[in-house]
Amino acid sequence: MKKTIIFALAAMLACSFAFVSCGQSGDSATSVVGKKNTPSAVVEKSLKDLQNKDYKAALMQTEGIDAASEEDIVALAELAKALYESNGGLTDYEILGEEIAEDGQSATVKTKYTFGNGEVKEDTEFLILTENGWKMKMM
């Protein structure tokens, strides 16, 4: 139970990235994200999923999500849905920049996004390199 609560809190923080992040549309955003993709591609894939209201798919780009139960993932997707829909959904996004650390194990992606209610925000997403490729970091 404690593990589930900790994961839920961490995932809620990860969901907040989308609340303040945005990427640019494009065909590469719909491709499968793997080891060879850049941190920007991972963020863009997640944001494209959010824009398409596929909240579960967006969560799959988050570090540690593979350890969560299906029930937890569904609950987190519902939370993300509520957050986004309360702001009119994610209508547009843009990747502003990417920086990979010297050691190649972490990265930041600066983003800008626009919600259906007209609100525009900029944010920085933090990613780490895992054995399965780049994943958005839970903070």
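Biologist: Buried means under 20% relative accessible area, exposed over 50%, and partly exposed in between, using a 1.4 Å probe and protein chains only. Is Tyr113 buried or exposed?

Modeller: Tyr113 is buried, and Phe115 is buried as well. This is a predicted model, where local features need pLDDT of at least 70 and side-chain atom pairs count only at pLDDT 80 or more, while totals for chains, interfaces and linings use all residues. Residues are numbered from 1 along each chain as its sequence is written, and side-chain values use heavy atoms, leaving out hydrogens and water.

Biologist: How many aromatic pairs are there in the whole structure?

Modeller: The search finds three. Rings of Phe, Tyr and Trp (its six-membered ring) pair if their centres lie within 6.5 Å; planes under 30 degrees apart are stacked, over 60 edge-to-face, and the rest tilted.

Biologist: Why is the pair of Tyr84 and Phe115 called tilted?

Modeller: Their planes are at 40 degrees, so the pair is tilted, with the ring centres 6.1 Å apart. Tyr84 sits in helix α4 (residues 70-85) and Phe115 in strand β2 (residues 106-115), so this pair links distant parts of the chain, 31 residues apart. Helices (H or I, at least four residues) and strands (E, at least two) are DSSP runs, numbered from the N terminus.

Biologist: And what is the relative accessibility of Tyr84?

Modeller: Tyr84 has 1%, so it counts as buried. Phe115 has 2% and therefore counts as buried.

Biologist: What geometry do Tyr113 and Phe115 have as a pair?

Modeller: Edge-to-face, at 4.7 Å centre to centre and 90 degrees between the planes. Ring pairs join Tyr55, Tyr84, Tyr113 and Phe115 into a cluster.

Biologist: New topic. In what order do the strands of the sheet come?

Modeller: The sheet is open, with four strands in the order β1-β2-β3-β4 and antiparallel pairing. Two strands pair if DSSP finds at least two bridges between them. At the edges are β1 (90-100) and β4 (133-136), each pairing on one side only.

Biologist: How many bridges hold β3 and β4?

Modeller: Four, in the antiparallel sense, with β3 covering residues 120-130. Leu127 has Met136 in β4 as its bridge partner.

Biologist: Which helix packs on the sheet?

Modeller: Helix α2 (residues 39-51) does, touching β1, β2, β3 and β4; contact means heavy atoms within 4.5 Å. The direction of α2 makes about 170 degrees with that of β1. Axes are lines fitted to C-alpha atoms, for helices over the stretch in contact, and angles run from 0 to 180 degrees between N-to-C directions.
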